[in-house]
Amino acid sequence: MTAVPPTVPPTAALIADGLPAPVPEEAAPAGRLRLVLGRMLASRGVLAGGAIVLLLFLLAFGGPLLTPWNYATPDYLAIRQSPSGQHWFGTNGLGQDVFAQTVRGLQKSLVIGLLVAFFSTVAASLVGACAGYFGGWTDRALTFLVDLMLVFPSFLIITIISPKLRGTGWIAFVALLAAFNWMITARVVRSMTRSLKEREFVRAAQFMGVRPLRIILRHILPNVASFLITDATIAVGAAVMSETALSYFGFGVRAPDVSLGTLLAAGTDQAPVFPWLFYFAAGLLVLFVLAINLIGDGLRDALDPTSEGTRPARKSRTPRSGK
Amino acid sequence: MIRYLAKRLAYYAALLVVAVFLAYALSSTALGPRTYFEAKQPRPSAASVDRQLTALNINDHTPVVERFGTWSSDLVLHGDLGRTIHNTSVNAEFGRRILVSLRLLLIGSLLGMLLGVAGGAWSAIRQYRISDRVLTLVSFVLLSTPVFLLALLLKNGAIAAKDAVGHEVIPFTGYETPGLSGGIGAHLGDWALHLLLPTLSLALGGLAMYSRYQRGTMLDVLGSDYLRTAEAKGLTRNRALLKHGLRTAIIPMSTMFAYSFLGIFTGATFTETIFGWHGMGEWFIQAINEQDVNSVIAVNLFAAVVVLASGFLADLLNAALDPRVRS
Amino acid sequence: MTTTVETDLLTVSDLSVDFNGVPAVRGVDLRLRRGETLGIVGESGSGKSVTSLAILGLLPTTATVSGSVRLDGRELVGLPNRELAAIRGRKVAMVFQDPLSAFTPVYRIGDQIVEALRIHQDLDRPAARKRAAELLDLVGIPSPERALAGFPHEFSGGMRQRAMIAMAIANDPGILLADEPTTALDVTIQAQVLDVLRTAQRETGAALVLVSHDLGVIAGMADRVAVMYAGRVVETAGVDELFARPRHPYTLGLIGAVPRLDTGGGPLVPIPGGPPALATLPPGCPFAARCPLAEDRCRTEEPRLTGADGHLAACVRAEELAEHGPAPSEVYPVPTVPPAAVARPRDERESVLRVTGLAKTFPVLKGSVFKRKVGEVYAVDGVELDIRRGETLGLVGESGSGKSTTLFELLRLAEPEAGRIELLGQDTAHLDRSAVHRLRSDIQIVFQDPMASLDPRMPISDIVAEPLLAQGAARELIGRRVPELLRQVGLDAAHATRYPHQFSGGQRQRISIARALAVQPQLLVLDEPVSALDVSVQAGVLNLLQQLKAELGLAYLFVSHDLSVIRHLSDRVSVMYLGRTVESGAVNEVFERPRHPYTRALLSAVPLPDPAAERSRKRILLAGDPPSPTERPTGCPFRARCPVHTALPSDLRTRCEQEPPALAEAAPGRDHHAACHYPDA
């Protein structure tokens with residue numbers, strides 16, 4: 001038999017299945033990030049949503065620089081004027097410039113939405129991860145708290161408290177919105193944590209003697225991060241919607257501050273006759289939330305390997321995983 | 001199984017008691033009925049204000065726990081929810097408004113769920129075709145429109161239609177035409193027409209949300225092993241999808257049902273206010289503005305009961321749909 | 001094809017399947033005669049399951065199928081869905097791998113079988129129900145009437161797979177396609193299910209296509225075998241011919257890589273590298289990169305499947321192999337394992353782990369909010385373990401035997417519920433927190449699934465460093481240790497910045513091992529470390545473990561359900577049943593002269609990758625499933641399934657029923673204990 005190759009030293013033979021050749025993926029450590037970015041860019045929803053959000057931010061923060069009008073100062077020569085070169089979005093009953101007001105309101109709504117989403121996501125991840133990881137009484141107490149806060153529609157509670165906050169400004173309003181916006185996310189984080197806790201890499205860390213808080217920070221939270229990012233994105237949209245609804249009914253942002261909600265409230269009755277008082281704010285509101293939702297949906301597809309965007313690929317793998 | 005549901009019910013009852021107490025404490029401390037009386041013309045004496053507040057059991061000089069004791073014992077023993085700030089019966093107001101709200105809540109949520117489930121399943125089966133893309137886009141736009149805005153838009157549309165035609169095509173205020181003559185048929189038709197816009201403004205949001213979720217769960221099911229088994233048995237694709245796929249994919253919707261009711265309730269508050277329905281939501285906003293503590297608490301109680309009942313209903317539904325939960 | 005085409009029931013020719021342009025099956029030819037069993041064997045990704053699904057057109061819509069599948073002369077590829085549906089279940093039926101997910105969870109088993117019957121036969125409901133009960137009876141499900149009303153989740157894995165087979169044969173199909181039908185099952189249950197498959201085949205006269213990765217199962221069941229690699233059939237022959245005289249180097253390598261129950265230790269023959277990615281297949285033979293016999297011409301043109309007498313192989317050197325018939329170790333490089341670092345006799349070596357009378361119960365909870373205790377599971381109920389320095393103890397048991405619970409109890413390093421755990425002479429019941437923390441570095445674990453046990457969000461350098469960090473090691477030491485560890489397990493230290501998903505299964509398991517070795521433990525707990533790996537890769541990892549043990553003088557607690565692997569790697573073995581140690585001793589003693597009837601049944605259930613040996617073996621089939629551990633049995637826990645107990649005269653049986661057997665020495669001073677009253681019966 002001539003076919004037998006010369007004897008290979010043992011370590012080399014042992015190394016054999018460790019050779020890098022058969023693994024097709026890129027070697028760069030940023031491989032996953034690139035994968036996610038690639039998937040995101042492949043989704044038209046994310047691109048469109050991202051572009052819209054970017055433009056709206058430019059509008060909200062650059063808009064005031066473009067117009068000579070201030071959102072509060074009336075132009076007595078122009079009362080309830082339709083949009084024109086002078087007043088791009090027209091003027092209201094006091095002669096205030098609707099463009100300046102809308103841009104100002106958009107600014108406030110965006111900032112509130114972002115802050116609320118940030119705070120509520122932080123709260124949800126901490127509460128959820130602790131409840132799920134520690135289990136026992138911690139879990140029972142936190143779950144009861146979550147259930148308790150879910151008994152009432154948060155709108156009712158915020159409405160009741162809001163008179164107390166009169167005069168404290170919109171930051172208190174942000175805190176209030178965030179305080180009633182984290183519960184469902186926390187529930188999801190809790191159940192994800194519970195299943196992560198059973199995963200072998202967490203067990204391995206426990207058996208190595210890694211401390212619980214360190215495990216939560218190093219292993220649990222990074223592994224729910226993709227859910228949290230997606231959820232936070234969608235929470236921005238939800239927070240903006242809550243903010244506008246509450247402000248519309250007079251329980252949120254108050255004069256002299258303006259938000260999209262207060263603008264809508266002011267313009268509602270006149271909408272049939274003076275549509276510019278209502279539809280510019282309404283349109284921007286829907287556009288912004290829509291863009292945010294598109295991004296959120298695209299992110300979910302990109303970050304979650306089992307999500308529907310990548311499902312055809314997953315399905316094709318299923319029958320082949322012969323084990 | 002019965003035991004399990006009984007436990008759930010007990011848990012919900014415990015939640016209800018704690019939550020109602022917290023809501024009571026919150027409403028009683030956050031609202032200021034004293035200012036309401038003090039603002040009256042002519043200004044009543046301090047003693048008289050105190051007397052009126054005490055009579056209504058909303059005097060902020062009485063400890064909250066004591067007020068809650070009085071309120072809850074009246075509720076438990078006599079089924080009495082107290083008096084409004086105008087010294088009328090809360091129960092009477094409650095009775096007048098509850099059916100108005102329930103009509104809207106039930107029809108709106110059920111319609112949204114049914115249409116959403118059907119749309120989502122259909123969308124999943126036709127993934128990436130034109131019909132799926134259109135439904136997806138519509139859902140996204142609806143999901144991005146706050147309910148109050150949707151209601152306002154519908155109302156503005158109805159007003160525009162009225163202005164264009166010259167008379168009211170679709171009614172947009174109230175839940176019936178006052179002083180309508182005619183038989184029961186005419187009344188029913190009138191009710192249905194009045195229901196149209198408020199129900200739509202609630203149901204469309206539900207439709208969008210349910211259809212997104214149903215589409216997701218249905219897509220999960222499409223790749224499942226048991227669907228493949230059903231086809232391997234000799235069922236055609238469509239029958240397998242309907243009988244084995246959809247049946248399993250609607251199970252998670254029962255959980256959605258519980259969560260969505262929170263949103264539906266809030267939405268109904270807006271809808272009632274905008275369409276001039278004298279329901280619980282409108283009452284709530286009114287009561288907040290009048291510092292009417294007992295009415296606010298009554299609406300809170302109603303909300304809590306409705307939300308928890310929907311949670312319990314979701315449990316029942318889940319157990320009915322999924323044998324794995326039952327055992 | 002030859003002239004036998006007329007008598008072939010099923011002919012697959014040039015079948016190809018693509019998923020979004022990525023090939024999964026690349027030109028497969030198969031023939032199936034009436035009544036015969038065709039085994040399709042291959043590793044994960046070889047395209048064997050896709051092939052079986054493609055026959056019935058059950059692939060998802062993203063798949064593009066080309067080529068031809070002829071059933072009784074009728075072309076199935078491209079047939080409209082409605083006509084295919086009439087064939088599925090009626091002429092060709094399928095048995096899937098995972099019977100839990102293959103049954104619709106919300107319908108009763110009975111209703112699902114009735115549905116299968118009524119699709120193709122004009123039966124009213126009661127008649128169909130009656131027939132369904134007969135079918136369940138045929139596949140050996142006890143009290144079939146009652147089983148009809150059960151939901152899938154209420155069945156055990158084995159019972160579900162029986163029900164699946166019952167449903168498949170409901171309409172007397174001419175062909176049964178079984179896709180890894182026993183992979184998810186324990187070995188004794190696998191033996192039962194394979195037996196049911198044989199019965200079903202006998203009753204219906206159906207031809208069987210059996211897809212499996214397990215050479216032993218194939219050897220025991222198939223008449224003819226097709227070996228698949230990288231989406232193609234690389235060799236096909238009658239089963240005896242194939243195992244005795246493989247003509248493709250891949251087949252030869254597979255046979256050499258399987259650890260065998262009937263031979264002892266020594267290094268296995270690993271096939272270097274891993275299977276190629278089909279998306280980026282280089283020209284030429286797909287096996288060339290791993291093949292020690294590859295020549296230049298192998299890298300330019302893919303060889304065709306050729307040969308005579310029904311023995312075909314896709315290799316240019318097939319004839320050489322046929323002529324010389326070399327052993328796997330003559331073709332593939334085999335590592336030499338250095339002699340053990342510790343060579344003193346066992347009695348003189350110090351104890352690493354000693355466990356006596358270990359017990360652990362779990363409350364059985366019901367309800368999701370107010371959990372109430374409705375009983376107790378005796379997960380572990382009398383486990384004895386003894387490991388000395390430099391020794392491997394194999395812990396064997398089927399699912400539910402309490403293996404995992406035992407491990408977690410050991411690794412908790414706390415006082416056990418009952419019994420005593422001594423690690424390196426220290427009783428875990430009397431340790432303070434800092435002592436526990438220090439002791440953690442002496443006992444480390446390697447888990448079954450290397451993907452699940454490595455945090456996907458960390459580069460492997462951080463993963464390997466984690467136990468060092470937890471022990472408070474200095475940065476500089478860590479920086480030195482990590483590349484050293486990676487090299488030690490046969491990985492390239494330059495890959496330290498990569499993430500787990502960038503490695504293959506075998507490589508990931510090596511990372512796990514490197515992490516476990518980081519803190520220089522005395523005892524390594526290996527929890528099914530190779531059962532998630534393909535055979536050819538598994539051999540490399542097992543060789544590595546043997547080598548590390550010899551070099552570092554480690555002790556292993558090696559947990560596995562696979563007796564062949566245990567036999568191959570262990571010095572001593574301990575067999576568990578229902579939470580108890582039922583037999584233990586030196587590995588050759590226990591495997592050659594098993595004393596407990598359970599051990600005997602377990603050994604006889606392991607399929608051998610040798611068709612002749614498989615046919616001549618006497619099999620002990622155990623009855624039914626293991627009983628529920630919620631009821632603590634009186635007497636011997638095994639007696640309900642025990643063939644010895646059943647054969648005993650009634651006066652001797654009472655002892656089994658009343659007295660729990662203790663572990664007893666086979667002979668004074670001999671390292672062999674069994675917990676049976678009648679070990680010689």
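The residues lining the largest cavity divide into 12 nonpolar, one polar and two charged. Here Ala, Val, Leu, Ile, Met, Phe, Trp, Tyr, Cys and Pro count as nonpolar, Asp, Glu, Lys and Arg as charged, and the others, Gly among them, as polar.

This is a predicted model, in which local features need pLDDT of at least 70 and side-chain atom pairs count only at pLDDT 80 or more, while totals for chains, interfaces and linings use all residues. Residues are numbered from 1 along each chain as its sequence is written, chains are lettered from A and ligands numbered from 1 in the order in which they are written, and side-chain values use heavy atoms, with hydrogens and water left out.

**Stop 1**

Select C:C285, C:C291, C:C298, C:C315 and C:V316. Of the 15 residues that line the largest cavity, these are the closest to its centre. A cavity is a set of points on a 1 Å grid over the protein atoms alone where a 1.4 Å probe fits but cannot get out, and lining residues have an atom within 4 Å of a point. The volume of this one is about 100 Å³, taken as the space filled by probe spheres set on the points, which are joined across faces, edges and corners. The structure has 11 cavities of 30 Å³ or more.

**Stop 2: the cysteines**

How many disulfides are there over all chains? The search of the whole structure finds zero; a disulfide would be a pair of cysteine sulfur atoms within 2.5 Å. Select C:C291: the closest cysteine sulfur is in C:C315, and at 6.1 Å it is too far for a bond. For C:C298 the closest one is in C:C285, at 6.0 Å, again too far for a bond.

Are these two residues buried or exposed? C:C291 is buried, at 15% relative accessibility, and C:C298 is buried at 10%. Buried means under 20% relative accessible area, exposed over 50%, partly exposed in between (1.4 Å probe, protein chains only).

**Stop 3: B:H187**

Move to chain B and select helix α8, residues 184–222, which holds B:H187. Helices are DSSP runs (H or I, at least four residues), numbered from the N terminus. B:H187 is partly exposed, at 29% relative accessibility. Beyond its neighbours within four places in sequence, B:H187 is in contact (heavy atoms within 4.5 Å) with B:L180 and B:G182. Then select B:M209, 22 residues from B:H187 in sequence and 33 Å away, C-alpha to C-alpha.

**Stop 4: chain A**

The chain averages 77, and 81% of the residues score at least 70. Select residues 1–30 of chain A, where pLDDT stays under 50 and the model has 56 contacts beyond four places in sequence. Over residues 305–323 of chain A pLDDT also stays under 50, with 53 such contacts.

Definitions and conventions. On a 1 Å grid over the protein atoms alone, a cavity is a set of points where a 1.4 Å probe fits but cannot get out, and a pocket is an open set with protein on both sides within 12 Å along at least five of seven lines; lining residues have an atom within 4 Å of a point. pLDDT is the predictor's confidence in each residue, from 0 to 100. Helices (H or I, at least four residues) and strands (E, at least two) are DSSP runs, numbered from the N terminus.
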